[in-house]
Amino acid sequence: MPQEEHSGMHWPILGSAFLMAFVIYSTILCVPPMEHILKEELVLTHARASLLFTAPILMLIIAAIPGGLLADRIGIRKAAGIGIIIIVIGTLLRSTATSYSSLLAFTLISGIGIGLSYPNLPKLVSAWVPREKAGVATGIFVTGANTGAALAMAITIPLIFPITNTFQGVFFIWSIPPIIAAILWWTLVREPPPNSAHDRPVSRYKTPLRQLLKNKNLWLVAILFLLEAFFFYGWTGWAPALIMLKGGTPELAGLLASIVLWAGIPTVFLMPRLAYKLGVRKPFIWLPSIIIAIVTLGAIRMDLSLMWLPMLLLGITDNTRFAIIMALPVEMMPEEEVGTASGLVLSFGYSGAIIGPLVGGRILDITGSLDLSLLVLAGISIASAVIARRLPETGNKARDRNL
């Protein structure tokens, strides 16, 4: 029965979301390990090279709200399915690039598909999973993102690049997972069951976008997501360079940098479950943010032999707050508004993903060091802790007190 089906975890749907997130992050995170190769072959500054990493995020910002609105009208399956097809086209075209401008253009095409697909993964969760399990289910597709990103960081240089010895060949190999994901998405994913909020007439239940824009708590989440994206992409994008500046080889740099993402895989499963059991969300954002600031400052003078430690600690803390933040629009907003609200949060918040790596690259171009960049990232994390304290508590304890 529809209601019974909607009341539990729908694993084929969540598995498809897992694979979609895997594809999105692997196509993005295969770039940082190759930054030194792209910089040399295409004659780039570090700042220009960072655009090859953040270009998909730029298109995500542009397409996130239209992607959410499109899903509210034609359905999640069709909107995200169109997106994965565009990702396939963009990633295949990247393997034919012969110049910086063509590579950037093809990466932007892939980013359009990401903008149509990624904002709808939280909405997929809200459509098939009970609201009280949203954080746990969010952890499932966040695990897909971490797995894709970690593999891309860890194996791109030591395993994939030697196969062809060209960056074009690397991009071609990383275009295979999107092809598989597209086939499985259109085969396995169905629209939400009958009688769910997504089948209601839009005109009757849809809050105007301008009214959503007046929601102060939603803006707090969006700002918090911006700071999180600034840190994650600022750290992840330049972690391989940081390790090489400390004397590591490119192969070691990718492996060490991937620890942040590997550590996130169990984290995004366990921490949302713990938050659900404790009935609170805010401590799982502000406390990790404080720890992140301390660890980031410590990494400035840390020896190469110990760099696995900050990578591990950041993997646990940053993925904890990321998983909780991703679930907040699902927990805060009416079910029929989750797609548009998530699109708003992602569209605004992911601007931090462009600013963070660009700032790091510019600092590296000017100073030849990433020390100042790490100071900036520590300050960003302190600001995250302050904003997290101002959020409304969405956990069960807060709801119970209000009864």
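Predicted model: local features only at pLDDT ≥ 70, side-chain atom pairs only at ≥ 80, totals over all residues.
## Helix α16 and its neighbours

The buried residues of α16 pack against α13 (216-245), α15 (259-278), α17 (308-332) and α20 (371-390). Here, buried means under 20% relative accessible area with a 1.4 Å probe, protein chains only, and contact means heavy atoms within 4.5 Å. Helices are DSSP runs (H or I, at least four residues), numbered from the N terminus. Among the buried residues of α16 are Phe284, Ile285, Pro288, Ile292 and Val295.

How does the span of α16 fit its 17 residues? Residues 283-299 should span 24 Å at 1.5 Å a residue, and the end C-alpha atoms are 24 Å apart, which agrees. The expected span is 1.5 Å times one less than the number of residues.

Numbering starts from 1 along each chain as its sequence is written, and side-chain values use heavy atoms, with hydrogens and water left out.

The protein averages a pLDDT (the predictor's confidence in each residue, from 0 to 100) of 85, and 86% of the residues score at least 70. Watch residues 1-9, where pLDDT stays under 50, and residues 197-205, where pLDDT also stays under 50.

## α4 against α19

The axes (lines fitted to C-alpha atoms over the stretch in contact, with angles from 0 to 180 degrees between N-to-C directions) of α4 (residues 46-74) and α19 (residues 351-367) come within 8 Å and cross at roughly 175 degrees. That makes the pair roughly antiparallel, the label for angles over 145 degrees. Residues making the contact include Phe53 and Ile57 of α4 and Ile354 and Leu358 of α19.

How values were computed. Helix = DSSP H or I, 4+ residues; strand = E, 2+ residues; numbered from the N terminus. Parallel < 35°, antiparallel > 145°, perpendicular 65-115°, else oblique. Buried < 20%, exposed > 50% of the residue type's maximum accessible area, 1.4 Å probe, protein only.
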